[in-house]
Amino acid sequence: MNVFNRSIMVLLSLVAIAFSILVFLLVGGVIRPAQVSPGGFLFNLWSFFAQLNQADATIAVLICALVVIVAVILLLFELTILGRAPAQLVLRNDSLGQVTVAPSSVRRLVGYTAKSIEGVVETRQTVKKGRDGLRVHIRALLVPEVDAPEVGHMLQEKVQKSFHEHLGLPVTEVQVATQLEPFDKPRRRRVQ
Amino acid sequence: MLPLDAGSGALEAQVLSAQMAPEHVSDMAIADAIVHDIRAIPGVVDMGQGLFAKAATYGPKKHVAGVVLQHATLDALSVEVHVVLEEAVFIKALSDVPRPDASSRTETTPMLLRMTDQIRAVVLQTFERLGLPAPPTVDVTIDDIR
């Protein structure tokens, strides 16, 4: 679902919640239809709810309660998704505008840098935007013959230096975890 | 009205009016010219589609992906460019050991910014070639590297 659709969903959820609350208040006799009908707008609708008999009012309240629950769940879901929009990394912000890069591109670059070091077979990495620069976490699969702490240290230095000099991105933290086990182990099949 | 794009999950957020830019060059013609010139830059593989929203300039029955034109004022267009860069360029640069004595501007300006500077310069040249006033802003986004 795209941003436009999500925004519509958020709006509809809010409308549903507001409508349900009004129905609660009208059915409960807390407010009168005239109070929520500026200029007579929707007066007939509100009057209908205000004049429901007890049985119908109970059904209306139950339905509205259900609507509120569904709307709140949808609202929380949509807001969580919207809040998780990928934050682009700003490389430059000057009078001519912004230069940004997608975090996925930066992750790839970390991978290229890591693989250029002898002894590194494969990497998995995450890049997060910190307050003063990037925070890079790398899991590196090494060949068994290399000195893991040394390669890890080289990896840290190279990522930090290369990113600063070639990409203009300050790197404040490079955490490296090395391993000899492949990332994706082949699954064993049970032979019958 | 904004078109709904349920297929790709991307938002077609930029539906630009069919306004004519200054000098009666249409937005589509400007976007086409920008895309043509940017694709000619070494290291640019393709135009990007946008990360969260689909980035394109829309015209009658067609759109130009990777360039968003916004009418900042009546006589000025802001440009947003989305590009996909070539990974080979970066692999080469990243595998080279950085030289500590690099002193010239070309060497000290990070490669990524050199490329985006070039893209911005090309956009400005395109506007000049079309006889349009320079855009107040040229935002560049690197959508992908492949």
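Reader: What should I know before we start?
Author: This is a predicted model, where local features need pLDDT of at least 70 and side-chain atom pairs count only at pLDDT 80 or more, while totals for chains, interfaces and linings use all residues. Residues are numbered from 1 along each chain as its sequence is written, chains are lettered from A and ligands numbered from 1 in the order in which they are written, and side-chain values use heavy atoms, with hydrogens and water left out.

Reader: Why is the pair of Phe19(A) and Trp46(A) called tilted?
Author: Rings of Phe, Tyr and Trp (its six-membered ring) pair if their centres lie within 6.5 Å; planes under 30 degrees apart are stacked, over 60 edge-to-face, and the rest tilted. Here the centres are 5.5 Å apart and the planes make 40 degrees, so tilted is the label.

Reader: What does that pair tie together?
Author: Phe19(A) sits in helix 1 of chain A and Trp46(A) in helix 2 of chain A, so parts 27 residues apart in sequence are tied together. Helices here are DSSP runs (H or I, at least four residues), strands likewise (E, at least two), numbered from the N terminus.

Reader: Why is the pair of Phe19(A) and Phe49(A) edge-to-face?
Author: Its ring centres are 5.8 Å apart and the planes stand at 80 degrees, so it is edge-to-face. This pair also links distant parts of the chain, with Phe19(A) in helix 1 of chain A and Phe49(A) in helix 2 of chain A, 30 residues apart. Ring pairs join Phe19(A), Trp46(A), Phe48(A) and Phe49(A) into a cluster.

Reader: How do you know whether Trp46(A) is buried or exposed?
Author: Buried means under 20% relative accessible area, exposed over 50%, and partly exposed in between (1.4 Å probe, protein chains only). Trp46(A) has 5%, so it is buried. Phe49(A), at 12%, also counts as buried, whereas Phe19(A) has 31% and is partly exposed.

Reader: What makes the nonpolar surface patch in chain A?
Author: Phe19(A), Phe41(A), Leu42(A) and Leu45(A) make it, with about 350 Å². Patch residues have over 30% relative accessible area and no salt bridge; like charges are joined within 9 Å, nonpolar side chains (Val, Leu, Ile, Met, Phe, Trp, Tyr) within 5 Å. Leu42(A) has 38% relative accessibility, so it counts as partly exposed. You'll find Leu42(A) in the loop between helix 1 (3–27) and helix 2 (43–50) of chain A.

Reader: Why is the contact between Asp94(A) and Arg120(B) called a salt bridge?
Author: The rule asks for a side-chain nitrogen of Lys or Arg within 4 Å of a carboxyl oxygen of Asp or Glu. The closest N and O atoms of Asp94(A) and Arg120(B) are 2.9 Å apart, so the pair qualifies. Asp94(A) lies in strand 1 (residues 89–94) of chain A and Arg120(B) in helix 4 of chain B, so two chains are joined. Arg120(B) is buried at 3%, while Asp94(A) is partly exposed at 30%.

Reader: What makes a nonpolar core, and which residues touch the most other members of the largest one?
Author: A core is a set of buried Ala, Val, Leu, Ile, Met, Phe, Trp, Tyr and Cys residues joined through side-chain atoms within 4.5 Å. The largest has 58 residues, and Phe163(A), Ile34(B), Ile38(B) and Val83(B) touch the most other members. Helix 4 (residues 111–129) of chain B gives the most to this core, with 8 residues. Apart from it lies another core of 7 residues, among them Ile31(A), Trp46(A), Phe49(A) and Cys64(A).

Terms used
Accessible areas come from the Shrake-Rupley method with a 1.4 Å probe; for residues, only the protein chains shown count as cover.
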